[in-house]
Amino acid sequence: MEKMSNTEMKNMFSLEGKVAVITGGAGSLGEGVAEGLALHGADIVVTGRTLKTLEETVKKVEAVGKRALAVVCDATNEDQVEEMTKKVLEKFGKIDILVTVAGIAKRHPAEEFPLDEFQQVLDINVTGTFITCKAVGKVMKEQGYGKIITVSSVRAFNGHPGGYAAYATSKGAVSILTKQLATEWAKFGINVNSVAPAIFWTPLTQEVLEDEKLKKIFLDRIPMGRAALVQDMVGATVFLGSSASDYINGHVLPVDGGTVAG
Ligand SMILES: NC(=O)c1ccc[n+]([C@@H]2O[C@H](COP(=O)([O-])OP(=O)(O)OC[C@H]3O[C@@H](n4cnc5c(N)ncnc54)[C@H](O)[C@@H]3O)[C@@H](O)[C@H]2O)c1
């Protein structure tokens with residue numbers, strides 16, 4: 001790889017001309033990331049289990065002047081994920097960036113955790129992430145280029161008293177999957193990194209927000225004393241999706257107000 005020109009260096013965070021696929025694109029973070037990457041220049045594909053819920057995100061992307069495509073796709077269904085990549089290639093001809101935002105959380109005391117719910121969390125957060133990376137990774141291998149950003153969590157670094165046996169296990173797996181794929185696919189020109197947020201107030205964390213005691217436990221563990229905002233996630237994904245992070249591979253980036261530092 002050649003040294004960048006001054007113009008390329010100045011524009012290293014730009015996503016102009018890039019195509020980004022975002023799973024879980026109807027969710028709070030998925031929508032925020034879609035709009036954020038579009039504001040930085042990318043055309044956007046959002047995927048999710050129902051078309052209706054993706055329409056709002058499509059409108060937001062188009063409102064900032066970028067092209068958008070919504071594709072119905074359950075991240076745990078390999079056929080649907082393969083079909084989704086075909087649709088993206090038909091419309092845009094390439095996939096530069098993948099952000100695997102689709103995920104769920106279930107909380108129960110470990111000793112009472114229903115096994116079916118434990119398995120469901122692993123299926124969506126781990127297997128769903130793997131299936132999507134596998135399908136898009138094949139496309140990126142063919143292209144000789146690509147940026148994959150998985151979504152882990154601070155729960156992958158430290159245990160928590162709030163009943164996260166399934167979720168923490170799943171996000172720990174997402175972090176090591178990220179490193180594994182990075183080491184396997186670096187030779188194909190693919191960067192695989194992860195963003196590990198602390199807490200955002202979204203439907204996923206609504207029950208924490210509503211439980212004053214639990215909310216205090218969460219915020220007390222964040223040195224900066226506040227939950228994350230969508231722009232915190234956008235900054236990290238723009239960085240990991242752009243050429244500014246070309247030499248960063250297999251990294252799990254906490255977006256956590258300092259939580260895992262102490
Ligand atoms: N909110 C937080 O505080 C927080 C913290 C750390 C990590 N995360 C992670 O960020 C991601 C997004 O979280 P969020 O807060 O926006 O949650 P959210 O519930 O608003 O969004 C999650 C989205 O994933 C979709 N989804 C679930 N299962 C799916 C499947 N099988 N196929 C396709 N889509 C599926 C849901 O429909 C939803 O649109 C998750 O991976 C979550 O674990 C969130």
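**Exercise 1. Find how far a polar side-chain atom of Lys-171 lies from an oxygen atom of the ligand.**

Solution. Start at Lys-171: one of its polar side-chain atoms lies 3.0 Å from an oxygen atom of the ligand. A polar contact is a pair of N or O atoms within 3.5 Å. The model is predicted, local features need pLDDT of at least 70, side-chain atom pairs count only at pLDDT 80 or more, and totals for chains, interfaces and linings use all residues. Residues are numbered from 1 along each chain as its sequence is written, and side-chain values use heavy atoms, without hydrogens and water.

Next, take Tyr-167. A polar side-chain atom of Tyr-167 lies 2.5 Å from an oxygen atom of the ligand. Then turn to Phe-200. Here a polar backbone atom is 2.7 Å from a ligand oxygen atom.

**Exercise 2. Describe the shell around the ligand by class.**

Solution. Count the residues around the ligand: 27 (a heavy atom within 4 Å). Among those that come nearest are Asp-74 and Thr-202. Now sort by class: 16 are nonpolar, eight polar and three charged. Last, look at the helices. Both α2 (28-39) and α6 (165-185) supply at least two shell residues each.

**Exercise 3. Classify the ring pair Phe-13 and Phe-239, and say which parts it ties together.**

Solution. Begin with the search of the whole structure, which finds four aromatic pairs (ring centres within 6.5 Å). Phe-13 lies in the loop between α1 (6-10) and β1 (19-23), and Phe-239 in helix α9 (residues 230-241), so the pair ties together parts 226 residues apart in sequence.

Definitions and conventions: Polar contact = N/O pair within 3.5 Å; in protein donor to acceptor, adjacent residues only side chain to side chain. Helix = DSSP H or I, 4+ residues; strand = E, 2+ residues; numbered from the N terminus. Nonpolar A, V, L, I, M, F, W, Y, C, P; charged D, E, K, R; others polar. Phe/Tyr/Trp six-rings, centres within 6.5 Å; stacked < 30°, edge-to-face > 60°.
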